[in-house]
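Hello,

Here is the structure I promised to pass on. Please open it first, then read my notes below.

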Amino acid sequence: MTYLLLAATVTPSEQNFSREAGRETAMAKDILGEAGLHFDELNKLRVLDPEVTQQTIELKEECKDFVDKIGQFQKIVGGLIELVDQLAKEAENEKMKAIGARNLLKSIAKQREAQQQQLQALIAEKKMQLER
């Protein structure tokens, strides 16, 4: 692994950069780029390429939007599940009422049959009494 150490001193008379100094700066940026170091828009030294950094930021924002949408989806689905549960309970209650009404109807029919048999027995008994 090769390490590169850059040292630069600038005197007040050298503040006017020439074309050669610009080439040296570009070469230094290229060498740093090859070493995996890059300058950002504020001329701060960064390990990541600015393009990769921008893509990372965009991905982070998209992930945040995705997580927000998933949260909204979970809320909607939660409300839907509650509504379906409520409807299921109401349907179960109506089902129980219908079963109860059917059982009551069957018991009333049985009571009528029993009452009819009692009345027929009473009629038969009265006929026997009349015949005597």
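**What I found**

E58, E61, E62 and D65 form a negative surface patch. Patches take residues with over 30% relative accessible area and no salt bridge, joining like charges within 9 Å and nonpolar side chains (Val, Leu, Ile, Met, Phe, Trp, Tyr) within 5 Å. A salt bridge is a Lys or Arg side-chain nitrogen within 4 Å of an Asp or Glu carboxyl oxygen. Asp and Glu count as negative, and a charge is placed at CG of Asp or CD of Glu.

This is a predicted model: local features need pLDDT of at least 70, side-chain atom pairs need 80 or more, and totals for chains, interfaces and linings use all residues. Numbering starts from 1 along each chain as its sequence is written, and side-chain values use heavy atoms, without hydrogens or water.

E61 sits in helix α2. E61 is partly exposed, at 47% relative accessible area. (Buried is under 20%, exposed over 50%, partly exposed in between; 1.4 Å probe, protein chains only.)

V84 is also in helix α2, which spans residues 50-131. V84 is partly exposed too, at 46%. With L80, L83 and L87, V84 forms a nonpolar surface patch of about 360 Å² accessible area (Shrake-Rupley method, 1.4 Å probe, only the protein chains shown counting as cover for residues).

Now the whole chain. The pattern is α-β-β-α along the sequence. Helices (H or I, at least four residues) and strands (E, at least two) are DSSP runs, numbered from the N terminus. Of the 132 residues, 3% are buried.

Best wishes
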